[in-house]
Amino acid sequence: MTETKKSDQKKSFRNNKPRSYNKNRNRNHSNKKNKKRSRWNANRISEHFMKRDFDSRKKDCDECSSSLRISLGLVGVIEAIRAKLNKRIEIVTGYYCPDCKRSKYGIRRDFHNNGVAADIRVEGMDIIDLFHHVEQYDEIKGIGINFDDQHVHIDTRKEDQRETWVEKNEEWIQLTEENRAEYIPENISHDTADTKTNPTV
Ligand SMILES: [Zn+2]
Ligand SMILES: [Zn+2]
């Protein structure tokens, strides 16, 4: 994930708005190419993800029916995780507005509402391993491991301090230095995520 790539993605996302050539009735030889390209832009948010992958809105929500919010920084970090693990990432939950879905576990702020959060799973990978893996990305400022639904929440909120937590038995528990070992067994080595996942491919 490079800076230039990020800005390119941003650019293409912005350009999703109907462009002048779409209104152009002059369907000449280059039309096919343009059409294909605009379709790519309309549905795709990055190389491996479609906008709908991040769309967890309720179908009949009046509040957010026209506004799907997805942070390209978040998408970028998920692409980076995908590339590093060389595995498909399942987006369990992406964006929803407060009307679509009420925050579970009584959390104060739901970063899914801002479009900077995703709950993810990786096929064949333990969520504790995934938790350890995503900790390596500095831009991920919120990490929650959910044992009830077997996913890891990540978000790219604009904060300096990282917050980590556990969701278990319908409870939200902030991780501290004191209680962390209770829920998250220490990684045997820092490279565990890499060495462990590759041989199983
Ligand atoms: Zn909504
Ligand atoms: Zn979440």
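Reader: What span is expected for helix 4, and how does the helix compare with it?
Author: Keep in mind that this is a predicted model. Helix 4 has 14 residues, and from its first C-alpha to its last it reaches 20 Å. At 1.5 Å a residue you'd expect 20 Å, so the helix comes out close to the expected span.

Reader: Which residues of helix 4 are buried?
Author: Leu-72, Leu-74, Val-75, Val-77, Ile-78, Glu-79 and Ile-81. In the whole chain, buried residues make up 25% of the 201 residues.

Reader: What makes a residue count as buried? Let's take Phe-54.
Author: You need 20 or more other C-beta atoms within 10 Å. Phe-54 has 25 C-beta neighbours inside 10 Å, so Phe-54 counts as buried. You'll find Phe-54 in the loop between helix 3 (31-43) and helix 4.

Reader: Which residues is Phe-54 in contact with, leaving aside its neighbours within four places in sequence?
Author: Ile-45, Ile-70, Ile-91, Gly-94, Tyr-95 and Ala-118. Take Gly-94: Phe-54 and Gly-94 are 40 residues apart in sequence, yet their C-alpha atoms are 4.2 Å apart in space. Across the chain, residues 24 or more positions apart account for 63% of the contacts with a separation of 6 or more.

Reader: What is the phi of Asn-86?
Author: Asn-86 takes a positive phi of about 55 degrees, although Asn-86 is not a glycine. Most residues other than glycine have a negative phi.

Reader: How many other C-beta atoms lie within 10 Å of Asn-169?
Author: There are 8, and with the cut-off at 12 or fewer, Asn-169 is therefore exposed. Asn-169 belongs to the loop between strand 5 and strand 6. Asn-169 also has a positive phi, of about 50 degrees, without being a glycine.

Reader: How many residues are in the largest nonpolar core?
Author: That core has 29 residues, and those with the most contacts inside it are Leu-74, Ile-78, Ala-118, Ile-120, Val-134, Val-152 and Ile-154. Helix 4 gives the most to this core, with 6 residues.

Reader: Which residues does Ile-154 touch, leaving aside its neighbours within four places in sequence?
Author: Ile-154 is in contact with Ala-117, Ala-118, Ile-120, Val-134, Ile-140, Gly-142 and Ile-143.

Reader: In what order do the strands of the open sheet come?
Author: The 6 strands run in the order 1-2-4-3-5-6, with mixed pairing. What makes strand 1 (89-93) and strand 6 (171-174) edge strands is that each pairs on one side only. From one strand to the next, the twist averages 30 degrees.

Reader: How do you know that strand 5 and strand 6 pair?
Author: Pairing takes at least two bridges. Strand 5 and strand 6 have 4 bridges, so they pair, in the antiparallel sense. One bridge joins Trp-165 to Gln-174 in strand 6.

Note on methods
Residues are numbered from 1 along each chain as its sequence is written. Chains are lettered from A and ligands numbered from 1 in the order in which they are written. This is a predicted model: local features need pLDDT of at least 70, side-chain atom pairs count only at pLDDT 80 or more; totals for chains, interfaces and linings use all residues. Two residues are in contact if their C-beta atoms, placed from the backbone, lie within 7 Å. A nonpolar core is a set of buried Ala, Val, Leu, Ile, Met, Phe, Trp, Tyr and Cys residues joined through C-beta atoms within 7 Å. Helices (H or I, at least four residues) and strands (E, at least two) are DSSP runs, numbered from the N terminus. Axes are lines fitted to C-alpha atoms, for helices over the stretch in contact, and angles run from 0 to 180 degrees between N-to-C directions.
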